[in-house]
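Hi there,

Here is the structure I promised to send over. Have a look at it first, and then read on for my notes.

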Amino acid sequence: MAKRTVIIIGGGIAGVSAALSLARRGIDVHIVDRADYLGGRAITYGCKASSSCTMCGVCLVSDKMEELGDLSGVAVHTRASVTALRGFPGDFTVEVTQRERWVDPDKCTACGQCMDSCTAGAIKRAPASAYPQAVVMNEAECPADCAGKCRTACAFGAIQLLPARTFTLRADGVVVATGFSPFDAANAWDLGYGRIPGVMTAMEAEEALRQHGTLLLHGQAPRRIAFVQCVGSRNIPLGRNYCSEVCCKYALRMINALRKERPDTEFTLFYMDIQSAGKGFSKVYEECKAHARFVSGMPVEIKKGKQGVLVRYEDQSSARVAHAEFDLVVLSTGIWPREDAALVGRRLGLNLDEHGFFDETGHFATRRPGVVVAGACAKPMTIADAIAHAQGAAMSLVSRLEAEVSS
């Protein structure tokens, strides 16, 4: 039997997990991702261990990315998108378009010499868990008069123009693992994001936690921090009347982790109700309840206060509108379908569900035979759930392909 090949669209933690499962079975894998490196959003998240591991899943991401770097049989195509899919299971033709780039990841060692030569700051290192470990250049920030100092500084010839190209790959099956987009908090106008200093999203908080181990405001550690749940989730006017499943978990874990570093911090959590299901999460919930104030009521307005951020909220326990002031407010933004899900669906011949996620017609299956979905492009899920879902999708695809050959 000829060796099988599978194309994975999306190189976040779901795509990488599917790739590892397939490669271990001797299947050749091509990962196509639009970013400069693999890892997706999960590699920007910070560890949320407090007194012990809280099973947030961040360490699983690092392990998977490290395993990918050590495994053969996986080809990676970054800054690339699948623009057409033709054929049928066992004989797909996949058209891939790759954007131009100025860094050759096969030659780059991430030594940093080019970064030192760039006074404009247009070159940055990829996150620590990203793959491949190469620098990333934002050519839009390159000054016109730099005379190519970065190219001169690179001893490996990695700084060079690689033109855009379109090529085709043959595949027996396809895994769609394009991930999600966090809700754009600027669309929740009354919550002040982008207008009121001291209001940030949970994604920004995750990045700060990963980089600094805590949250900082103007270089100082805030003493009064509020978390606002269900921002962009369970919202009928927005067409998102579903729970994103991850927001309560990451907020409570983050509170516990931050309190470990700064025990004098005062925490308040505004919520509708708490989704505490999941192995070991009840312990996280009880630990958080012991030192944080839980307010059953949602903010109706966030604005600048006299000494910080003023939150006007509906206090359900007293049936009145109340006010409280904080140094920092973190908006727990929910999971939305990726912004290009409809375009990807048209290119691949896939349906979307009522919320805009890829529709599963069966267990991982889609309306198009030979194409399965993996991870949060199918529905909101945690890191651990996305890994398990992707591994299941990969094995489901293998089983379907084997069944078609034997029939």
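**What I found**

This is a predicted model, and its protein chain has nine helices and 22 strands. The radius of gyration is 23 Å, close to the 22 Å that the globule rule gives for 407 residues, so the chain is as compact as a globular protein of that length. Along the principal axes, the C-alpha trace spans about 70 × 60 × 40 Å. Of the 407 residues, 53% count as buried. If you look at contacts with a separation of 6 or more, 67% of them come from residues 24 or more positions apart.

**A helix pair**

Please turn to helix H5 (residues 202–212) and helix H6 (residues 247–261), which pack at an angle of about 35° with their axes 12 Å apart. The crossing of H5 past H6 is left-handed. On the H5 side the contact is made by Ala202, Ala205, Glu206 and Leu209, and on the H6 side by Tyr250, Met254 and Leu258. Sorted by class, that contact has six nonpolar residues, one charged residue and no polar ones.

**Two buried residues**

Ile302 sits in strand S17 (residues 299–304). With a relative accessible area of 2%, Ile302 is buried. Which residues does Ile302 touch, not counting those up to four places away in sequence? They are Asp190, Leu191, Gly192, Ile196, Val199, Val309, Leu310, Val311, Val329 and Leu331. Val199 is worth a look here: it is 103 residues from Ile302 along the chain, yet their C-alpha atoms are separated by 8.7 Å.

Thr178, by contrast, is found in a loop, the one between strand S11 (173–176) and strand S12 (180–182). Thr178 still counts as buried, at 9% relative accessibility, because the cut-off for buried is under 20%. Leaving aside neighbours within four places in sequence, Thr178 is in contact with Ile9, Gly10, Arg338, Phe358 and Cys377.

**Backbone details**

The peptide bond from Tyr131 to Pro132 is cis, with omega near 0°. Pro132 itself lies in the loop between strand S7 (123–125) and strand S8 (135–137).

Arg234 is not a glycine, but has a positive phi of about 50°. Glu245 is not a glycine either, and its phi is positive at about 70°. Arg234 is partly exposed, with a relative accessible area of 29%, and Glu245 also counts as partly exposed, at 38%.

**Cysteines**

How many disulfides are there? The count comes to zero. A pair of cysteine sulfur atoms has to be within 2.5 Å to count. For Cys243, the closest cysteine sulfur is in Cys248, 6.3 Å away, which is too far for a bond. The sulfur of Cys288 also has Cys248 as its closest cysteine partner, but at 10 Å, so that pair is too far for a bond as well.

Best wishes

Notes: Residues numbered from 1 in each chain as written. Predicted model: local features only at pLDDT ≥ 70, side-chain atom pairs only at ≥ 80, totals over all residues. Heavy atoms only, no water. Axes fitted to C-alpha atoms, helices over the stretch in contact; angles between N-to-C directions. Helix = DSSP H or I, 4+ residues; strand = E, 2+ residues; numbered from the N terminus. Left-handed = near helix turned anticlockwise from the far one by under 90°. Contact = heavy atoms within 4.5 Å. Nonpolar A, V, L, I, M, F, W, Y, C, P; charged D, E, K, R; others polar. Rg over C-alpha atoms; globule rule 2.2 N^0.38 Å. Buried < 20%, exposed > 50% of the residue type's maximum accessible area, 1.4 Å probe, protein only.
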